[in-house]
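Here are my notes for you, arranged as numbered points.

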Amino acid sequence: MTARPVHAPMTQFPVRDGELMLAGIPLTQLTEQLGQTPFYAYDRGVIDRRVAELRSALPPAIKLHYAIKANPMPALVSHLARQLDGLDVASGGELEVALASGSNPQEISFAGPGKREAELEAAVRAGVLLNVESFREVEHLSGISQRLGLAARVAVRVNPDFELKSSGMKMGGGPKPFGVDAEDVPRLLRRIGELGLAFEGFHLFAGSQNLRAEAIVEAQQLSFDLALRLAASAPAPVRCLNLGGGFGVPYFPGELPLDLAPIGENLAVLASRAAGELPQASLVIELGRYLVAEAGIYVCRVLDRKISRGQVFLVCDGGLHHHLAASGNFGQLIRKNYPVIIGNKATPAETEIASVVGPLCTPLDILADRMTLAIAEPGDLVVVFQSGAYGRSASPAGFLGHPAAAEILL
Ligand SMILES: *Cc1c(COP(=O)(O)O)cnc(C)c1O
């Protein structure tokens, strides 16, 4: 018999006297200081360790960007901006956060399939790099550039002719609203040249949440080769080649952390090829969740303990309205449990099987379905790990009108 899969161990936060510790503060003390539940807490130390791991595994020639949509909290974005080489934004709102973070606008790029005219103009004014995703955008940018007397900096986001294997969310390959199909890119490049926009390179993003290093390696190789072929039709030398990201983190039982070593080795090969074949190009990797997911927890309080026909339900003051992903309703086909513990009983003598549910009148509002947990009572604190990315900002906070979750960077 094979063992039942369990969650990868969550070792990023120490436990002292049975309590989870964040930045040296016991969870109950932190909750008291905040004066409210539910909340998200992000630990700078965990983020910094992750950046250091990446820097040591990837070759120095690779530029590291943060994709803000994973977690747009301004303090967190500023913290990352100080350590990384650039930021990627996907809306005018994220562009404002990025510009306010102190990041060099030259190192900010703007992607997204439906950019409004006002967003395009703000980006050109700020001097950020636009990852163009359609012929229409290029025509708009030409008008804006003429009006402002400022040539828009553009890279072409390519919808590749391959897919990222075993990816949680596919963002490229086949028919997609993202980017321009690889076969149409030469025509778009000609138009960019005719209009006199400042062409700088290519952006390829095949998919997200991948835990298999060999699939990421393959996608990066294929992306590099495709960019090299397309560069032959480009109106100017490639100065920036953004190979996307897709690095995953373990959320569910049976998943293991990504092995960075083969990815680093492959990127070293690509960097040395780039030095010969695209001599002016810097290689960029853009990561969202990999940088921040593990550094964050979501915390809510048990309001009630109910037993229904023998099954234990811990009813909490937080749920899917704050953390849609942990409820299983953000891109999952089959609901699986995030790693969850009772944070003030982190080394329990006794456990039980219990379900953690939220206060919403819908059966979708589940944070843990029949998990082994410490025996919890009203007042105890439920902790959902791996919550630093696609948490608060990716949840329907207005649904049912409960208070918003607080947010703190430690
Ligand atoms: C969402 C997104 C990312 C970040 O994806 P993660 O899975 O969070 O790493 C990077 N680039 C683009 C273009 C995106 O849309």
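1. Let's begin with the core. The largest nonpolar core has 126 residues, and the members touching the most others are Tyr 66, Val 156, Phe 202, Leu 241, Phe 247 and Ile 297. Helix H8 (residues 213-231) is the biggest contributor to this core, with nine residues. Domain 1 (15-42 + 294-409) and domain 2 (72-287) each supply at least three residues to this core. For the terms: a nonpolar core is a set of buried Ala, Val, Leu, Ile, Met, Phe, Trp, Tyr and Cys residues joined through side-chain atoms within 4.5 Å. Buried means under 20% relative accessible area, exposed means over 50%, and partly exposed is in between (1.4 Å probe, protein chains only). Helices (H or I, at least four residues) and strands (E, at least two) are DSSP runs, numbered from the N terminus.

2. A word on the basis of all this. The model is predicted, so local features need pLDDT of at least 70 and side-chain atom pairs count only at pLDDT 80 or more, while totals for chains, interfaces and linings use all residues. Residues are numbered from 1 along each chain as its sequence is written, and side-chain values use heavy atoms, with hydrogens and water left out.

3. Which residues does Val 156 touch, not counting residues up to four places away in sequence? They are Val 132, Val 185, Leu 188, Leu 189, Ile 192, Phe 199, Gly 201, Phe 202 and His 203. Contact here means heavy atoms within 4.5 Å.

4. Now the domains. The assignment for the protein chain gives domain 1 (15-42 + 294-409) and domain 2 (72-287); such bounds come from an automatic or database domain assignment. Taken over C-alpha atoms, the centres of domain 1 and domain 2 are 35 Å apart. In the contact between them, 13 residues of domain 1 meet 11 residues of domain 2. About 1100 Å² is buried between domain 1 and domain 2, with carbon and sulfur atoms giving 71% of that area. Buried area is the accessible area (1.4 Å probe) that two parts lose on being put together, summed over both.

5. Next, a sheet for you to inspect. Three strands form an open sheet in the order S1-S2-S3, with antiparallel pairing. Strand S1 (15-16) and strand S3 (25-26) are at the edges with a single partner strand each, so one side of each has no neighbour in the sheet. Two bridges join strand S2 (residues 19-22) to S3 in the antiparallel sense, and Met 21 has Pro 26 in S3 as its bridge partner. Two strands pair if DSSP finds at least two bridges between them.

6. Strand S21 (residues 381-384) is covered on both faces: Leu 381 and Val 383 are buried on one side, Val 382 and Val 384 on the other. S21 pairs with strand S16 (residues 296-308) in the antiparallel sense over four bridges, where Tyr 298 has Val 384 as its bridge partner. S21 also pairs with strand S18 (residues 340-342), again antiparallel, over three bridges; there Ile 342 stands opposite Val 382.

7. On to charges. The structure holds 19 salt bridges, each a side-chain nitrogen of Lys or Arg within 4 Å of a carboxyl oxygen of Asp or Glu. In one of them, Lys 345 and Asp 380 meet at 2.6 Å, N to O. Lys 345 is in the loop between S18 and strand S19 (351-357), and Asp 380 is in the loop between strand S20 (366-374) and S21, so the pair ties together parts 35 residues apart in sequence. Lys 345 is partly exposed at 28% relative accessible area, whereas Asp 380 is buried at 8%. Elsewhere, salt bridges that share partners join Glu 117, Glu 121, Arg 125 and Arg 147 into one network.

8. Finally, a loop residue. Arg 239 lies between H8 and strand S14 (240-242) and is partly exposed, at 46% relative accessibility. Not counting residues up to four places away in sequence, Arg 239 touches Glu 200, Gln 280, Ala 281 and Ser 282.
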